[in-house]
Each structure stands twice: as C-alpha cells, then as structure tokens.
Amino acid sequence: MSQTQTLDGQDPALPPRLASMVAELGSIDDLEEKYDLLIELGKEVEDIPAERKTMECLVQGCQSVTHVYATLEDGKLRLHGHADAMIVNGLLALLVLGLDGMTPEAFLKVNPKFIETTGVIKSLTPSRVNGFYNIHEKLKADALLLLGKQAQGASNGN
C-alpha cells in the first residue's frame with residue numbers, strides 16, 4: 001500500500017464523487033460494461049455554450065474535438081466541457097463531474113493517474129489516454145490562472 005492510499009485502496013485526495021466513479025469503474029471486469037458506464041457518465045455532462053467552443057477552450061492533442069474550461073464561483077472551481085466522442089466525453093466526465101466544486105488548490109493536488117485504477121486505459125488507444133491527460137492539463141492551466149486572479153484580487157483588496 002502506498003502512502004497516498006487508504007486501506008480500501010482509495011486516494012484520499014479524490015473527492016467523494018470521483019472516488020465513487022473510480023471505484024465503480026474499477027469494480028467492473030467486463031470491458032463492454034465498463035465502456036457502457038463511461039458512456040452513461042458522459043451523458044451526465046452538460047454541453048457547453050456554443051460561444052465557449054473556441055480555440056482557447058479546445059484541448060490540444062486530443063483525438064476528438066474536446067472543449068473544456070473552468071470558472072471560479074465563490075472560491076470553487078466550476079468545470080465545464082464537452083467532447084464529440086462518447087468515450088472521450090465519459091473520460092471528461094470523470095474530471096468535470098468528479099472534480100467540480102473543489103477549490104483550485106485542492107484540484108491541483110489531484111493526480112490524474114487515478115484513471116489507471118479504473119482499468120479503462122488498458123484498452124484505450126495511446127492517443128485517447130493522452131487526450132485524457134491533456135484534458136486534465138487544460139483544466140489545470142485554467143485552475144492556475146484562476147488561482148492567480150483570485151490571489152491578485154485578494155492582494156488588491158477586492
């Protein structure tokens with residue numbers, strides 16, 4: 001057992017919703033069932049407004065057309081995104097649904113390698129796996145930017 005895992009194998013840095021999704025995916029042995037659950041999770045992700053489907057929100061290095069962005073509301077990250085491929089939208093759901101509502105600081109502590117414990121990446125193409133990590137990196141960049149703006153606002157007395 002690593003120092004970052006609890007007795008049940010869960011990463012304590014994962015918020016409850018994400019930990020639940022990861023555990024559920026990890027408990028399914030049948031690959032088709034695993035993909036079905038991933039697709040169902042993807043259906044829970046609300047599409048983003050057309051005006052946010054810009055080059056700025058486009059995830060570079062993702063095989064499908066994927067747009068993500070983060071906003072800050074009351075000190076919490078609100079994560080948004082959409083992909084044109086069902087499996088990628090399911091992968092995106094793990095991040096968007098599983099990490100939504102965290103502080104930027106807490107979000108930045110989440111290691112995206114949690115995806116490995118789900119077992120889904122074993123059968124994904126390398127480009128899909130890279131796409132997942134690129135989605136995380138884009139959201140991480142947004143979180144860092146928002147954290148900087150939040151700190152700047154605090155130092156200006158706003």
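Predicted model: local features only at pLDDT ≥ 70, side-chain atom pairs only at ≥ 80, totals over all residues.
I began with F114, which is buried at a relative accessible area of 5% (buried means under 20% relative accessible area, exposed over 50%, partly exposed in between, with a 1.4 Å probe and protein chains only). Residues are numbered from 1 along each chain as its sequence is written, and side-chain values use heavy atoms, leaving out hydrogens and water.

Next I looked up aromatic pairs, and a search of the whole structure gave two. Rings of Phe, Tyr and Trp (its six-membered ring) pair if their centres lie within 6.5 Å; planes under 30 degrees apart count as stacked, over 60 as edge-to-face and the rest as tilted.

I found the ring centres of F114 and F132 5.8 Å apart with planes at 85°, so this pair is edge-to-face. F114 sits in the loop between helix 4 (104-109) and helix 5 (126-155), and F132 in helix 5, so the pair ties together parts 18 residues apart in sequence (helices are DSSP runs of H or I, at least four residues, numbered from the N terminus).

F132 is buried too, at 2% relative accessibility. Its ring and that of Y133 have centres 5.5 Å apart and planes at 75°, so I noted another edge-to-face pair. Y133 is buried, at 19%. Together, F114, F132 and Y133 make one aromatic cluster.

Technical notes
Helix = DSSP H or I, 4+ residues; strand = E, 2+ residues; numbered from the N terminus.
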